[in-house]
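Open the model in your viewer and keep the sequence panel beside it. Each stop below names a selection, then says what is there.

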Amino acid sequence: MNLSIVARDARSSTYRRDERLIASPLHTLIVLATLAVWSYGGTASAARFVSAPHPDRVREYLFGIGQEWLVLAFVLFGIRRAGTPLSVVMGERWHSLRQLGRDIGVAAIFWVAAVPALYGLRVLFGANAMGPAVWALLPHRTLEIALWIPLALTAGICEEAIFRGYLQRQLIA
């Protein structure tokens, strides 16, 4: 499947495929190196959380939120510098409440189908217990729960743009 950028030709109503890079190769290498360091740091952090009697989840959640937005900002900086529209990575804006409602409806249908499917897979493969690293990273107090929600939203927005919007297109081009 070709996931290249689809651009509208201003002179006609046809679409053309644009398979050029959306940012420089050096920019992509920096993003990949940043993600590799970030991944390694996350693994080390999870290991520390397991052994800590009272891990500082608030600090970790705030750091994670900041990290996500900084990497996304660097990605957007690189594509703008290359002259690529932000909509290539971030997606098109909604132009009506109907479009917004459609997207929310699709998400709701997905979750109605995904939750029982994932539960079934969990039971089928016997994955009934969380590992100690997962348990240590989950929120336990009210403030942690309050920060977990923006962390999850941040991860959803930023990682979708970074991995699907940017890296997937960049590596296929």
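**A helix and its cover**

This is a predicted model. Start with helix α6 and show what lies against its buried residues: the cover includes α1 (25-51), α2 (57-81) and α3 (87-90).

Colour the buried residues of α6 next. They include Glu 144, Thr 154, Cys 158, Ala 161, Ile 162, Gly 165, Tyr 166 and Gln 170.

**The cores**

Ile 162 and Tyr 166 lead on to the largest nonpolar core, which has 17 residues. Together with Leu 35, Ile 79 and Val 89, they touch the most other members. The elements giving two or more residues to this core are α1, α2, α3 and α6. Apart from this core lies another, of five residues, among them Val 58, Ile 65, Leu 147 and Leu 151.

Go back to Val 89. What does Val 89 touch, not counting residues up to four places away in sequence? Select Ile 22, Leu 76, Ile 79, Ala 161, Gly 165 and Tyr 166.

**Last stop: Phe 74**

Phe 74 sits in helix α2. Is Phe 74 buried or partly exposed? Its relative accessibility is 29%, so Phe 74 counts as partly exposed. Beyond its neighbours within four places in sequence, Phe 74 contacts His 27, Ile 30 and Val 31. Phe 74 and Ile 30 are 44 residues apart in sequence, yet 9.5 Å apart C-alpha to C-alpha.

Conventions
Residues numbered from 1 in each chain as written. Predicted model: local features only at pLDDT ≥ 70, side-chain atom pairs only at ≥ 80, totals over all residues. Heavy atoms only, no water. Buried < 20%, exposed > 50% of the residue type's maximum accessible area, 1.4 Å probe, protein only. Helix = DSSP H or I, 4+ residues; strand = E, 2+ residues; numbered from the N terminus. Contact = heavy atoms within 4.5 Å. Core = buried A, V, L, I, M, F, W, Y, C linked by side-chain atoms within 4.5 Å.
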